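Please examine the structure shown below.

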Amino acid sequence: MNKIRPSAKDALAGIADGMTLAVGGFGLCGIPEHLIAALRDSGVKDLTVVSNNAGVDDFGLGLLLQTRQIRKMVSSYVGENKTFERQFLDGSLEVELVPQGTLAERIRAGGAGIPAFFTPTGVGTRVAEGKETRIIDGREYVLERGIRADFALIKAWKADPNGNLVFRKTARNFNPMMATCARVTIAEVEEIVPLGALDPDAIHTPGIYVKRLVHGVAYQKRIEQRTTRPA
Amino acid sequence: MALTREQIVRRAAQELRDGYSVNLGIGIPTLVANCIPPGMDIVLQSENGMLGIGPFPTEAEVDPDLINAGKQTITEAKGAVYFHSADSFAMIRGGHVDLTILGAMQVSQDGDLANWMIPGKMVKGMGGAMDLVAGARRVVVTMEHVAKGDEKKILRECSLPLTGRRVVHRVITDLCVLDVRPGAPMLLVELAPGVSVDDVRERTGAAITTEGTPKTIAL
């Protein structure tokens with residue numbers, strides 16, 4: 001069981017045109033930046049990408065929008081990307097906007113073998129249009145479907161060779177659920193530590209979910225809104 | 001005199017209660033964090049996966065792995081905890097967040113909220129707002145009472161796509177504080193200094209009423 005791949009390019013083997021990918025991150029925080037760059041270089045296209053956001057014009061998933069490799073985005077918030085807006089308005093990019101908590105739960109459910117669930121989020125709004133609703137204990141809920149992906153591309157802080165993962169601060173976000181929802185999950189990490197070096201009680205994502213690992217170096221970790229107070 | 005943005009923030013901070021877990025929306029609501037009364041114990045929730053937001057970092061403390069839901073760099077308060085997005089929204093949807101303060105484009109008399117899209121113009125997405133209004137125990141909206149060109153934002157029915165139906169409990173604007181009572185006119189509970197009931201009526205598209213004389217907003 002050797003999960004470690006020599007490069008991001010090698011780690012992506014098998015991703016083909018038209019597939020559905022789940023890509024971790026919130027804004028530019030905790031995104032698999034090396035896997036995204038390698039995906040752009042691979043030229044695969046007509047992708048459906050499930051990711052909370054769409055990156056910015058020149059970084060993150062914005063790179064794949066510029067090259068028109070994405071056919072459809074499933075996201076909760078896409079406000080920071082002009083390329084996205086242009087392609088959406090001219091009809092070349094299909095978009096499914098999903099409330100953030102519903103998106104997180106759809107991915108979690110998909111990974112946990114739950115095909116659908118009832119949620120109060122979005123009842124009485126456009127989000128619920130065309131979907132089954134049900135009154136349970138006097139409150140109305142809407143039925144949402146679990147999400148499964150062909151591949152998940154995620155980013156963690158540390159991994160051991162078994163693929164056990166530890167995330168760091170708010171870079172965790174969607175990554176742990178996405179690790180569970182795909183046929184093949186690829187994790188890029190800042191450090192691969194020896195077996196036994198991670199505290200088994202402090203692992204966030206068990207390695208059973210992770211098929212491939214790649215060690216990423218020289219992270220850009222771009223910041224969208226650098227806000228500081230005086231020292 | 002209409003309240004300034006900063007005064008709206010200070011009034012919104014009066015909604016905080018000791019021991020509350022609070023989620024603050026982007027914009028004016030985020031600034032409420034700067035006005036937590038000394039000695040009050042408030043835990044700020046950030047829907048990207050954190051309880052216990054601290055102040056903005058100094059330049060030396062900036063960490064790209066630590067941001068709030070508005071993608072701003074932040075720090076952690078003592079006792080902070082991180083979790084993933086599904087846990088974060090389990091807290092929100094499950095009714096464990098006591099209060100959320102959000103911005104709005106429109107609010108209706110019965111508490112419908114519209115704050116996520118303008119058809120044909122602006123499509124940014126709803127982010128976590130639909131989950132927050134569906135799950136937080138109390139929903140307070142802060143906003144300017146009218147939009148540019150004196151266009152009314154508090155209406156009998158919202159004309160924009162909804163974020164949630166009958167979800168808002170209280171609206172705090174630069175003119176007043178209004179409480180939503182579904183099925184009844186909105187109750188005008190407080191007025192900005194120098195603002196009259198008629199001033200509010202003139203700028204409001206929903207039915208409003210008073211019980212006695214509204215208090216003056218304490219600042």
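How many salt bridges are counted between chain B and chain A? The count is six, a salt bridge being a side-chain nitrogen of Lys or Arg within 4 Å of a carboxyl oxygen of Asp or Glu. This is a predicted model, in which local features need pLDDT of at least 70 and side-chain atom pairs count only at pLDDT 80 or more, while totals for chains, interfaces and linings use all residues; side-chain values use heavy atoms, with hydrogens and water left out. Residues are numbered from 1 along each chain as its sequence is written, with chains lettered from A and ligands numbered from 1 in the order in which they are written.

**Interface between the chains**
- Contact, meaning heavy atoms within 4.5 Å, joins 48 residues of chain B to 49 residues of chain A.
- The two chains bury about 4,200 Å² between them, 59% of it on carbon and sulfur atoms; buried area is the accessible area (1.4 Å probe) that two parts lose on being put together, summed over both.
- On the chain B side, B:Asp65, B:Lys71 and B:Lys124 lose the most area to chain A, together 18% of what that side buries.

**Salt bridges**
- A:Lys169 pairs with B:Glu76 in a salt bridge whose closest N and O atoms are 3.3 Å apart.
- Over all chains, the structure holds 28 salt bridges.
- Within chain A, A:Lys155 forms a salt bridge with A:Glu190, with the closest N and O atoms 2.7 Å apart.
- This pair links distant parts of the chain, 35 residues apart: A:Lys155 is in strand 9 (residues 149-159) and A:Glu190 in strand 11 (residues 182-192) of chain A.
- Strands (E, at least two residues) and helices (H or I, at least four) are DSSP runs, numbered from the N terminus.

**Surroundings of B:Leu51**
- B:Leu51 belongs to strand 3 (residues 50-53) of chain B.
- Leaving aside neighbours within four places in sequence, B:Leu51 is in contact with residues including B:Val43, B:Ala80, B:Phe83 and B:Met91.
- The C-alpha atoms of B:Leu51 and B:Ala86 are separated by 14 Å, the two residues being 35 residues apart along the chain.
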